[in-house]
Amino acid sequence: MAQERFYYSSKSSPLISADESIVNQILTMYEDGTSVGLIKETFPDIKINNNLYMFLPYVITDDICDCGKPLYRKTKGRTSFAAELIYCPACRHDETPDCLCKTCILKRKNELEARKMHFYKTWDSYYDNTYNSDIELSNLSIYEEVQLVILIHEYFNKESKSFNFINARLIEVNFGVRQLPTEIFKFTKAFIDKKILIPEKEVEYSTSLDHYGDLGLFQPQLTLANCQWTLNLAKDGTTLTVGEIFNYLVKKDYTAAQREIFWKECYQESIINYFEYSTRNYANFDLIKQNLELIADELFNHYSLSKAYRLIYYGIQRTLTHKAKYSTTIKSANSYLRNLMLSNIEKYNLPEHKPNLKDFNPVELSESYFTHYIKRYILRSNQEYFYYNLADIRHKF
Ligand SMILES: [Zn+2]
Ligand SMILES: [Zn+2]
């Protein structure tokens, strides 16, 4: 006898050949929570096994599918299938968000099209309001100028005339994804915030872009990977290409005062790197940043890097001995180091001690892109500055 009220997803269901009223009884028992064992015993003629749920049919409902045929419903499973299932045997509609029936595919396509249209409209006005004026190149600080040269040098592709940030994301730590180096990440983000680096207006729509914030304001989720980026800079009111900006900046001549500022940056970075290198490798305690900056400032005024390294080496060794002997806290070890450094800076600057202080080139310390660029292209020297104190260097500038 045909079962017109049921649809089976498994053609090997033992219930297919049973009488419709028996199938109804089995369904009711299953829904009431009767054990499969008891159901088996009640209907010994039907080959029910422990996978009964798999073989239960969908039952016809009064609801009509978009295709005009009735929808069927399957009761929820007791363990793994916790939700009711809906199915239309005629068009295979299953009411899930990724249903593959023709109607749902078309519906999703139309929805996407509508979102896309809405996005482009919103994006256009957002873009025109947000990026409505160039920034004058002369408003950049000398630090930004150098950072910009580095960014162009490292990430601009001359052939495609675009920045190549593929895979680079503005998310700081994300395992498995190649990141911008932290230093470049920081200034790239600052360039974006200042609208120096801006997306091209022509973007390819993706759902990750059309985002609305808590206040309902449009905030496109711009990542380096999902847009093409360009620079938003002008000179005397004329918009410049990335190539023109680069050429202008690499040819720029810096004054003696500016060179000294650049040198100070490099110097302080080297000092702080060496302190950090020392504590990481030998001392295993955190140094207080303000102390380091203070010490670096004092060293800069009187010592070449080569001699500053020697003083730091002494300072760290003495602090370690002191720390071991008196089991001092990190805080008092920091004070000890600061006081010792400041007094040695004074002491070794006296004429009678000066000749005793030897040059020291401890290790190959890593340097930032910034320092590397300054030394190589602006100061045009890698080694000589290492042995000069500020007075020598001023003389050179
Ligand atoms: Zn249908
Ligand atoms: Zn569907």
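Two strands pair if DSSP finds at least two bridges between them. Strands and helices are themselves DSSP runs, numbered from the N terminus: E over at least two residues for strands, H or I over at least four for helices. This is a predicted model, where local features need pLDDT of at least 70, side-chain atom pairs count only at pLDDT 80 or more, and totals for chains, interfaces and linings use all residues. Residues are numbered from 1 along each chain as its sequence is written.

Three strands form it in the order 5-10-11, with mixed pairing. Strand 5 (135-136) and strand 11 (238-239) are the edges; each has a single partner strand, so one side of each lacks a neighbour in the sheet. Strand 10 (residues 233-235) pairs with strand 11 in the antiparallel sense, over two bridges. Ala234 has Thr239 of strand 11 as its bridge partner.

Now take helix 10 (residues 305-326). Its 22 residues should span 32 Å at 1.5 Å a residue, and the end C-alpha atoms are 31 Å apart, which agrees. The expected span is 1.5 Å times one less than the number of residues. A residue is buried if 20 or more other C-beta atoms, placed from the backbone, lie within 10 Å of its own, exposed if 12 or fewer, and partly exposed in between. Buried residues of helix 10 include Leu305, Tyr309, Leu311 and Ile316. The buried residues pack against helix 8 (256-283), helix 9 (289-302) and helix 11 (330-347). Ser327 follows helix 10, with a positive phi near 35°.

Finally, Arg5 lies in the segment before strand 1 (6-7). Arg5 counts as partly exposed because it has 15 C-beta neighbours inside 10 Å.

Terms used: Chains are lettered from A and ligands numbered from 1 in the order in which they are written. Two residues are in contact if their C-beta atoms, placed from the backbone, lie within 7 Å.
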